Amino acid sequence: MSNAAINQFMIGLPGAGKTTFLAALWHVLFSGKIEGSLLFSHLEGDDTYLNKIQDTWIDTKQLERTQIGMEQSVSITLKHPTLEVTTNVLIPDLSGESFEQQWTDRIADKYYYENIQKSQGGLLLIHPDVRKESLISEAAPLIETISTGGDIDDTDRDDPVQWDAAKSPTQVQLVDLLQFVQTLLGQRGVRLAVVISAWDLVQKDSQNHPPEKWVENSLPLLHQYLTTNSNTFEHKYYGISAQGGDINSDLESLQQIIEPSERIEVVTDGLKSSHDITLPLRWTMGWE
C-alpha cells in the first residue's frame, strides 16, 4: 500500500456542526455498514475524544460544542474500500469561536496556520440558520423620503447599535476566513467541500433546492466568491444531516433506526442521497 499524507482543514463558525460530523464519521469508518465508504486503518494519538463524541451521537444526545481550549486534532489513516491505497488525514476540530476570533480579532492559531499550508483539501461547514444582512431594498422607502425632502418619523426607531464584528453576516465572515486560507495557499489550489450541515432543516423547505442552489440563494456573496476563485478552491457542494434530524422534535423516529449509520443523509448536486459521510473526504482527496 502507498501511504501519502494528505492534510485536511475544517472551517466552521460556532454551531456549524463540526463535532457532529466527526462523531458520525468516526462511527461510519468502523461500522462497515455503508457500502463503498472509506475504512479505518489506524489512528495517531488517543481515541478517547472520538469515542466519547461517537457514543453521544449514537445515543442521539446533544453533542457539546467545542469551546476554545477544548480543541482536538484528529489524525486518522483511512484506506480506500477497493484500491490498495491509504491516506493520513489530519482534521483539526477547532472551536467555532476560534474561527470567529479570526474575523473579530484578526488572529489565528499557529497550529491551524501550519496545517493550512500543508493541506491539499478541506471542508467548509455551514449551518443553515445563517445570520443575514439587511437589504438595500429595505432602505428604499427611507431613501425616497430623504431625497424628496420629507420628514422622517423616528418615533419608532431604535437607538443606534454600536458596531460588533461578531454580529456580522455569516457569509461575510466565511468569505474572510477563506481569503485567509487563500493567502496562506499562495499560488496553489485545493479541493474544498462546502458542507451545509443539518440538511434535514433545509429539506423542510418546499422548494427542495440542491446544496449549491441553496448556497446561491442564501449566501450569494459566498457563492460568487467561490465561483470567481475556482482556481484556488475547486469546490463541490454537499448537504449533510449527520444526526438525521432534530434531536428535540424527531428523537423518537431517530431512535427507531437500528443502524445509526442509516440516520446519516448526504446529498450532492442532483439530489442524490447516500448514507456515506466519507464522500466529501473522498472527493477532496481525489479518490472520487
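Predicted model: local features only at pLDDT ≥ 70, side-chain atom pairs only at ≥ 80, totals over all residues.

Analyst: Residues are numbered from 1 along each chain as its sequence is written, and side-chain values use heavy atoms, with hydrogens and water left out.

User: Why is α1 called roughly perpendicular to α2?

Analyst: The axes of α1 (residues 18–31) and α2 (residues 48–58) cross at roughly 95° and come within 8 Å. Angles of 65 to 115 degrees count as roughly perpendicular, under 35 as roughly parallel, over 145 as roughly antiparallel and the rest as oblique. Therefore α1 is roughly perpendicular to α2.

User: Which residues make the contact between α1 and α2?

Analyst: Contact means heavy atoms within 4.5 Å. On the α1 side the residues include Leu22, Trp26 and His27, and on the α2 side they include Tyr49, Ile53 and Trp57. The contact of α1 with α2 divides into nine nonpolar, five polar and no charged residues.

User: What makes Asp176 and Arg106 a salt bridge?

Analyst: A salt bridge needs a side-chain nitrogen of Lys or Arg within 4 Å of a carboxyl oxygen of Asp or Glu. The closest N and O atoms of Asp176 and Arg106 are 3.0 Å apart, so the pair qualifies. Asp176 lies in helix α6 (residues 170–185) and Arg106 in the loop between α3 and α4, so the pair ties together parts 70 residues apart in sequence.

User: How do you know whether Asp176 is buried or exposed?

Analyst: Buried means under 20% relative accessible area, exposed over 50%, and partly exposed in between (1.4 Å probe, protein chains only). Asp176 has 14%, so Asp176 is buried.

User: How many salt bridges does the structure hold?

Analyst: There are three. Another of them joins Glu234 and Arg191, at 3.5 Å from N to O. Glu234 is in strand β8 and Arg191 in strand β7, 43 residues apart. Glu234 has 40% relative accessibility and so counts as partly exposed.

User: What separates Glu216 and Lys213 along helix α8?

Analyst: Glu216 and Lys213 are three residues apart in helix α8 (residues 211–218), which means about one helical turn between them. Their closest N and O atoms are 3.7 Å apart, and the two form a salt bridge. Glu216, at 35%, is partly exposed, and Lys213, at 33%, is partly exposed.

Terms used
Axes fitted to C-alpha atoms, helices over the stretch in contact; angles between N-to-C directions. Helix = DSSP H or I, 4+ residues; strand = E, 2+ residues; numbered from the N terminus. Nonpolar A, V, L, I, M, F, W, Y, C, P; charged D, E, K, R; others polar.
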